[in-house]
Amino acid sequence: MTDKNKPQSKEQEIHIAICQYIRNKYPDVLFSSESGGIRVSIGLARKLKLMRSCDKLPDLMIFEPRKQYKGLFLEIKKDDITIYKKGGGFTSNEHINGQKEILNKLNEKGYLALFVVGYDHAIQVLNYYFN
């Protein structure tokens, strides 16, 4: 993806671009995206909720062991989201803190689970993980 095509706005656009990058650069990698953030009918949303353990699962789940990790899980944020306080530590945002708890649980289970802020950060993490 060239810089002029790099997504700059919506989280969903960044997420789709990351998935396209994985398909192009790492075509044999198995991955899936969490459906929780997709706008669907109330009935379908209820069904999808019944089919997962909780509502704070990471956006992108990569089912490929690399290095010492069992897999890679990414919680994708757009470029203008702040997840850290200026003095250090995480923001007091309840939603982000819930996501952080799930990422911590995944890390404890042997996965690499991270927040990525923007497309470029996600690509850096993916290239680290696969190389």
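Q: What are the helices and strands here?
A: Helices, of at least four residues, and strands, of at least two, are runs assigned by DSSP and numbered from the N terminus. The model examined here is a predicted one.

Q: How many helices and strands are in the chain?
A: The chain contains four helices and four strands. Along the sequence, they follow the pattern α-β-α-β-β-α-β-α.

Q: And how does the radius of gyration of the chain compare with the globule rule?
A: The radius of gyration is 15 Å, close to the 14 Å that the globule rule gives for 131 residues, so the chain is as compact as a globular protein of that length. Its C-alpha atoms fill a box of roughly 40 × 35 × 35 Å along the principal axes.

Q: In what order do the strands lie in the sheet?
A: The four strands form an open sheet in the order 1-2-3-4, with mixed pairing. Strand 1 (31–33) and strand 4 are at the edges with a single partner strand each, so one side of each has no neighbour in the sheet. On average, neighbouring strands are turned by 20 degrees against each other, direction ignored.

Q: Strand 1 and strand 2: parallel or antiparallel?
A: Strand 1 and strand 2 (residues 60–62) pair in the antiparallel sense, over three bridges. Within this pair, S33 stands opposite L60 of strand 2.

Q: What about strand 3 and strand 4, parallel or antiparallel?
A: Strand 3 (residues 72–77) and strand 4 (residues 112–117) are paired in the parallel sense, over six bridges. Here K77 stands opposite V117 in strand 4.

Q: Changing topic, how many salt bridges are found in the whole structure?
A: A search of the whole structure finds two salt bridges. In one, E64 is joined to R66, and the closest N and O atoms are 3.6 Å apart. In the other, E75 is joined to K77, also with the closest N and O atoms 3.6 Å apart.

Q: Are E75 and K77 buried or exposed?
A: Both E75 and K77 are buried.

Q: Why does E64 count as buried?
A: E64 counts as buried because its relative accessibility is 13%, and buried means under 20%. R66, at 28% relative accessibility, counts as partly exposed.

Q: How much of the chain is buried?
A: Of its 131 residues, 36% count as buried.

Technical notes:
Residues numbered from 1 in each chain as written. Predicted model: local features only at pLDDT ≥ 70, side-chain atom pairs only at ≥ 80, totals over all residues. Heavy atoms only, no water. Pairing = 2+ DSSP bridges. Salt bridge = Lys/Arg side-chain N within 4 Å of Asp/Glu carboxyl O. Buried < 20%, exposed > 50% of the residue type's maximum accessible area, 1.4 Å probe, protein only. Axes fitted to C-alpha atoms, helices over the stretch in contact; angles between N-to-C directions. Rg over C-alpha atoms; globule rule 2.2 N^0.38 Å.
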